[in-house]
Amino acid sequence: MDKRTHIINTALTAFYQKGIHAVGINEILKESGVAKKTLYNHFVSKDELICACLEARDKRFNHWLNDRLKNCDTPFEIASALFGSLSIWIDNKAIELGDFNGCFFINTAAEFPHSDHPIAILCSAHKKAVLQLLFDKLSQTTQFKSKSEKAKQLAQLLMTLKEGMICQARVMHSSNQLLQDPLLLRQLVQSYIPKPLQDADFSVS
């Protein structure tokens, strides 16, 4: 692993578990074992390092989520896989994402409230990317082909529920099983699908 990646991984772990403002450069130097000159050769400021961490986490999370949804062929399967995957992460069983401590982007955005700050912009961009991923997956299903507006609406609903599930888990330190109820998901998803196509989507066991 090259020095830059090592610094990013070390800083990302510390920032995610403790918060951005709670972690100083000296702690990152100590944990990473690199010299201050080496760190500043790669990052001219703490903000630049934070941005690099956000970009790395964005890539890691979206790759993980895309992989979890790759075999889904129907809107119901997408919704079920989404909330099932979140539960796995919340229960600290998603090795790729590390121990759960809420959403790194929500946590970071709370520490940088001004929307025009480069760090806040990256946090917003991540959320838009996840929403786009959900929309793309839904748009590829038989039920939503040529029905992009409905796919967009369902993607926005799933995104909102996803964000709520993560925030609730962070505050209450437990996962919410409600969104893994297949009958509830069926009702939620089915309301966005034209009736002639509904039967093709569901086989709840």
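**A cavity and its lining**

The largest cavity in this predicted model is lined by Arg57, Phe61, Trp89, Cys103, Phe104, Phe105, His126, Lys127, Lys162 and Ile166. Here a cavity is a set of points, on a 1 Å grid over the protein atoms alone, where a 1.4 Å probe fits but cannot get out, and lining residues have an atom within 4 Å of a point. The structure holds one cavity of 30 Å³ or more, and the space in the largest cavity comes to about 50 Å³, a volume being the space filled by probe spheres set on the points, which are joined across faces, edges and corners.

Six nonpolar, three charged and one polar residue make up this lining, with Phe, Trp, Cys and Ile counted among the nonpolar types, Lys and Arg among the charged ones. Helices H4 (46-69), H6 (104-111), H7 (118-139) and H8 (148-172) each contribute at least two lining residues; helices are DSSP runs (H or I, at least four residues), numbered from the N terminus.

One of the lining residues, His126, sits in helix H7. His126 is buried, with a relative accessible area of 2% (buried means under 20%, with a 1.4 Å probe and protein chains only). Leaving aside residues up to four places away in sequence, His126 touches Asp58, Phe61, Asn62 and Phe105, contact meaning heavy atoms within 4.5 Å.

Residues are numbered from 1 along each chain as its sequence is written. As the model is predicted, local features need pLDDT of at least 70 and side-chain atom pairs count only at pLDDT 80 or more, while totals for chains, interfaces and linings use all residues; side-chain values use heavy atoms, without hydrogens and water.

Key: 1 Å grid on protein atoms, 1.4 Å probe; cavity = no way out; pocket = protein on both sides within 12 Å on 5 of 7 lines; lining within 4 Å. Buried < 20%, exposed > 50% of the residue type's maximum accessible area, 1.4 Å probe, protein only.
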